[in-house]
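Here's a quick briefing on how this chain packs together. Take a look at the model first, then read on.

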Amino acid sequence: MSPFPEGAVGPVRTCVGCRVRASQSELVRVAWDGAALVVSRTAPGRGAWLHPQKTCWQTAAKKGAVSRGLRAPVPATVVLELADEVCGA
Ligand SMILES: [Zn+2]
């Protein structure tokens, strides 16, 4: 018996934007390095996971979900700027 949902590979995380659960391989991890929001699977500290879809980032920015997930004061504009980098402007 696999502990993971059928079709998922590896650990499952929840997208902080749309709140849908997905395997890590389908999501992008962001972390707060103290001054900037970075996309990294290996950055230390808390991470927040998002689909590489702009709607998820927009929802997360609007709800402050990234700040909450990272316990850091991440401005919505910073989340949206990174969304442009990750998802394309
Ligand atoms: Zn999502």
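Before we get to who faces whom: two strands count as paired if DSSP finds at least two bridges between them. Keep in mind that this is a predicted model. With that in hand, alanine 31 sits opposite glycine 47 in strand 5.

**Strands 3 and 5**
- Strand 3 and strand 5 run antiparallel to each other, with four bridges between them.
- Strand 5 is covered on both faces: Gly47 and Trp49 are buried on one side, and Ala48 and Leu50 are buried on the other.

**The nonpolar core**
- The largest nonpolar core has 21 residues, and the ones touching the most other members are Val16, Val30, Leu50, Ala60, Val66 and Val79.
- Two or more residues each come from strand 3 (28-32), strand 5 (47-50), helix 1 (54-63), helix 2 (65-70) and helix 3 (76-87).
- What does valine 30 contact, once neighbours within four places in sequence are set aside? Its partners are Leu37, Val38, Val39, Gly47, Ala48, Leu50, Val66 and Leu82.

**Proline 52**
- You'll find proline 52 in the loop that links strand 5 and helix 1.
- Proline 52 counts as partly exposed because it has 14 C-beta neighbours inside 10 Å, and that class lies between the exposed limit of 12 or fewer and the buried limit of 20 or more.
- Skipping neighbours within four places in sequence, proline 52 is in contact with Val28, Val86 and Cys87.
- Proline 52 and cysteine 87 are 35 residues apart in sequence, yet their C-alpha atoms are 5.7 Å apart in space.

Methods: Residues are numbered from 1 along each chain as its sequence is written. This is a predicted model: local features need pLDDT of at least 70, side-chain atom pairs count only at pLDDT 80 or more; totals for chains, interfaces and linings use all residues. A nonpolar core is a set of buried Ala, Val, Leu, Ile, Met, Phe, Trp, Tyr and Cys residues joined through C-beta atoms within 7 Å. Two residues are in contact if their C-beta atoms, placed from the backbone, lie within 7 Å.
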